[in-house]
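Here are my notes for someone opening this model for the first time. Have it on screen as you read, and take the points in order.

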Amino acid sequence: MLPIVEHFYTIQGEGRNTGRAAYFVRIGGCDVGCVWCDVKESWDASKHPELSIDEIKNLVLASGTKNVVITGGEPMMFDLTELTAELKNAGLNLWLETSGAYPISGNWDWICVSPKKFKAPLDEALAKADELKVIVFNHSDFEWAEKHLANTNSYCIGYLQPEYSRLEKIIPEIVEYVKQHQQWIISLQTHKVINVP
Ligand code: SF4
């Protein structure tokens with residue numbers, strides 16, 4: 001059983017899989033405490049109904065999706081070995097969104113680690129990242145982003161994504177930074193532009 005905040009079929013708006021259809025499953029529970037978190041209602045797992053792995057699988061399959069994003073909250077506060085095994089058996093592509101603050105469990109096709117200053121990512125999580133997505137709030141975040149990208153594998157793609165409320169102020173700096181540091185790619189929250197969840 002897992003506490004589920006919400007689940008919906010939509011378009012992935014961020015990072016490597018931007019623009020692709022995916023079913024989002026948001027698992028409750030997070031102790032990372034980002035001040036700008038836009039899903040604070042997810043933090044307390046006890047406030048959300050628990051669904052069985054079969055129930056989750058049936059909801060996902062009913063949508064007709066090929067791709068599933070497991071997000072939170074911080075989904076790695078739970079052992080997702082069984083959930084990912086069941087969803088993989090059903091032929092689905094599984095994409096994880098995690099802060100990296102907990103060991104990564106489960107079998108994933110794509111792992112996005114989005115490290116947060118409020119609770120440091122584990123080296124073992126960074127080592128498994130296919131994508132490092134750093135939310136840029138102010139200038140000091142560039143140096144912090146470099147420090148974490150250095151701890152990932154060579155295949156890991158680095159994304160710099162402006163914190164949404166600071167988009168207009170910070171994007172010129174991100175543009176200049178990426179022109180000077182071409183290992184990075186800009187990620188935008190395109191789901192907010194096309195007005196989908
Ligand atoms: Fe919110 Fe994610 Fe930060 Fe948790 S890790 S506080 S869910 S932004």
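Which backbone nitrogen does the side chain of E74 reach? Keep that in mind for point 2.

1. A word on what you are looking at: this is a predicted model. The chain has six helices and nine strands. Its C-alpha trace spans about 50 × 35 × 30 Å along the principal axes. For 197 residues, a compact globule would have a radius of gyration near 16 Å, and the chain agrees with that, at 16 Å. Of those 197 residues, 51% count as buried. If you look at contacts between residues at least 6 apart in sequence, 61% of them join residues at least 24 apart.

2. Back to the question. The side chain of E74 reaches the backbone nitrogen of M76, at 2.8 Å. The side chain of E74 also makes a polar contact with the side chain of T98, at 2.8 Å. You'll find E74 in the loop between β4 (67-71) and α2 (81-89). Once neighbours within four places in sequence are set aside, E74 is in contact with G29, C30, T98, S99, G100 and Y102.

3. The peptide bond from G72 to G73 is cis, with omega near 10 degrees. G73 sits in the loop between β4 and α2.

4. The largest nonpolar core has 46 residues, and the ones touching the most other members are V25, I70, W108, L160 and W184. Take W184 as an example: not counting residues up to four places away in sequence, its contacts include L132, V134, L149, L160 and Y177. There is also a second, separate core of six residues, with F8, A22, F24 and W95 among them.

5. Where are the charged pairs? The structure holds nine salt bridges. In one of them, the side chains of D31 and K119 meet at 3.6 Å, N to O. D31 is in the loop between β2 (21-27) and β3 (50-51) and K119 in the loop between β6 (110-113) and α3 (123-126), so this pair ties together parts 88 residues apart in sequence. Both ends are partly exposed, D31 with a relative accessible area of 38% and K119 at 27%.

6. Another salt bridge joins the side chains of K192 and D38, at 3.5 Å, N to O. K192 belongs to helix α6 and D38 to the loop between β2 and β3, so the parts tied together here are 154 residues apart in sequence. K192 is partly exposed at 31% relative accessibility, whereas D38 is exposed at 53%.

7. E14, E97 and K133 are linked in a network of salt bridges.

8. Last, look at N195, in the segment after α6 (190-193). N195 has a positive phi of about 60 degrees although it is not a glycine. Is this residue buried or exposed? N195 is exposed, with a relative accessible area of 71%.

Technical notes: Residues numbered from 1 in each chain as written. Predicted model: local features only at pLDDT ≥ 70, side-chain atom pairs only at ≥ 80, totals over all residues. Heavy atoms only, no water. Helix = DSSP H or I, 4+ residues; strand = E, 2+ residues; numbered from the N terminus. Polar contact = N/O pair within 3.5 Å; in protein donor to acceptor, adjacent residues only side chain to side chain. Contact = heavy atoms within 4.5 Å. Core = buried A, V, L, I, M, F, W, Y, C linked by side-chain atoms within 4.5 Å. Buried < 20%, exposed > 50% of the residue type's maximum accessible area, 1.4 Å probe, protein only. Rg over C-alpha atoms; globule rule 2.2 N^0.38 Å. Salt bridge = Lys/Arg side-chain N within 4 Å of Asp/Glu carboxyl O.
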